[in-house]
Structures are given as C-alpha cells and as structure tokens.
Amino acid sequence: MSNTLNRPIRVLVAKVGLDGHDRGAKVVATSLRDAGMEVIYTGLRQTPEMVVNTALQEDVDAIGISILSGAHMTVFPKIIALMKQKQLTDVLLTGGGIIPESDIAKLKEIGVGELFAPGTTMLTIVNYIRNWTIENRNF
C-alpha cells in the first residue's frame with residue numbers, strides 16, 4: 001500500500017447541537033484546507049442525522065466534530081450508530097473540544113478515533129487524519 005494518496009483527502013467538519021462556539025472548528029477547517037485537504041464545513045447547529053447524511057453525500061474520508069457543550073457522550077454515540085446504519089464503517093469519526101479523559105476512553109471503545117483537546121497542534125490533527133486515511137481509505 002502506498003504512503004500517499006492520488007487524490008485529496010475529504011473531511012467534513014461540523015458543530016452539532018446548540019453549541020455556538022465555532023472558532024476552533026474554523027481554525028481546524030482552515031488548517032486542514034491549508035494542508036491540501038478538501039474541507040466541507042457545515043456550520044453551527046447540525047444534527048447527527050444532518051452530519052451523517054452530508055458525509056454520505058460528500059463521500060468524505062473523515063468527519064471531525066467540534067464539541068464544547070458537554071454533549072459528547074450523546075453526540076458521538078448517535079453519530080457512530082447512524083454511520084453504522086448508513087454503512088459508513090470505513091469513515092473516520094474524530095473530533096475535539098472539552099472532553100474528559102475518562103469519556104475519551106469510553107468513546108474510543110465504541111469506535112470514535114482520536115479526540116483532541118484544546119491546545120493540540122494543527123500539525124498533530126493534520127497528520128492523524130492523513131495517516132488514518134492512507135492506512136484505511138487508500139483507494
């Protein structure tokens with residue numbers, strides 16, 4: 001398997017629920033775009049259903065959820081369930097925000113990828129998505 005792709009990586013960045021703080025999501029979206037990825041930013045107040053339907057329609061490699069509201073133990077499991085229902089089992093679900101370490105471990109157990117805390121470098125996020133995509137969606 002090659003260590004590069006012959007196409008841009010496609011990433012959906014979304015804010016789910018009533019969390020109105022999107023500066024971090026916009027910074028991440030811009031950094032991913034600057035790294036050569038195609039980014040679809042859905043904006044604020046998305047539902048899990050909207051996110052998964054957009055991911056399916058846009059044929060993304062990864063979904064990144066920014067969440068600061070404390071609803072991560074509801075949002076991520078709902079998105080994972082919808083992804084399985086829509087057979088998006090080869091798409092990365094990752095994200096970041098204010099998420100306690102104990103909850104991160106629980107979310108990883110159900111299939112969520114890495115979750116990034118405030119202060120994580122953009123290079124770390126870019127490299128994680130790039131490496132995961134090369135390893136799991138190199139087609």
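Axes are lines fitted to C-alpha atoms, for helices over the stretch in contact, and the angle between two of them runs from 0 to 180 degrees between N-to-C directions. The views below all show a predicted model.

**Figure 1. Helix α3 packs against helix α4.** Helix α3, which covers residues 72-85, and helix α4, which covers residues 101-109, pack at an angle of about 10 degrees, and their axes lie 10 Å apart. Because angles under 35 degrees count as roughly parallel, α3 is described as roughly parallel to α4. The crossing of these two helices, α3 and α4, is right-handed.

**Figure 2. Residues of α3 meet residues of α4.** From α3, the residues taking part are His72, Met73, Phe76 and Pro77, and they meet Asp103, Lys106 and Leu107 in α4. Sorted by class, the contact of α3 with α4 has four nonpolar residues, one polar residue and two charged residues.

**Figure 3. Aspartate 61 and arginine 7 form a salt bridge.** The structure holds nine salt bridges, and in the one shown here the side chains of aspartate 61 and arginine 7 meet at 2.8 Å, N to O. This pair links distant parts of the chain, 54 residues apart, since aspartate 61 lies in the loop between α2 (48-58) and β3 (62-67), while arginine 7 lies in the segment before β1 (10-15). Aspartate 61 has a relative accessibility of 1% and therefore counts as buried, whereas arginine 7, with a relative accessible area of 26%, is partly exposed.

**Figure 4. Glutamate 58 and arginine 10 form a salt bridge.** The side chains of glutamate 58 and arginine 10 meet at 2.7 Å, N to O. Here too the pair links distant parts of the chain, with glutamate 58 in helix α2 and arginine 10 in strand β1, 48 residues apart. Glutamate 58 counts as partly exposed, because its relative accessibility is 31%.

**Figure 5. Lysine 108 and glutamate 114 form a salt bridge.** In this view the side chains of lysine 108 and glutamate 114 meet at 3.1 Å, N to O. Lysine 108 has a relative accessibility of 36% and so counts as partly exposed, and glutamate 114, with a relative accessible area of 31%, is partly exposed as well.

How values were computed. Residues are numbered from 1 along each chain as its sequence is written. This is a predicted model: local features need pLDDT of at least 70, side-chain atom pairs count only at pLDDT 80 or more; totals for chains, interfaces and linings use all residues. Side-chain values use heavy atoms; hydrogens and water are left out. Helices (H or I, at least four residues) and strands (E, at least two) are DSSP runs, numbered from the N terminus. Angles under 35 degrees count as roughly parallel, over 145 as roughly antiparallel, 65 to 115 as roughly perpendicular and the rest as oblique. A crossing is left-handed if the near helix is turned anticlockwise from the far one by less than a right angle, and right-handed if clockwise. Contact means heavy atoms within 4.5 Å. Ala, Val, Leu, Ile, Met, Phe, Trp, Tyr, Cys and Pro count as nonpolar, Asp, Glu, Lys and Arg as charged, and the others, Gly among them, as polar. A salt bridge is a side-chain nitrogen of Lys or Arg within 4 Å of a carboxyl oxygen of Asp or Glu. Buried means under 20% relative accessible area, exposed over 50%, partly exposed in between (1.4 Å probe, protein chains only).
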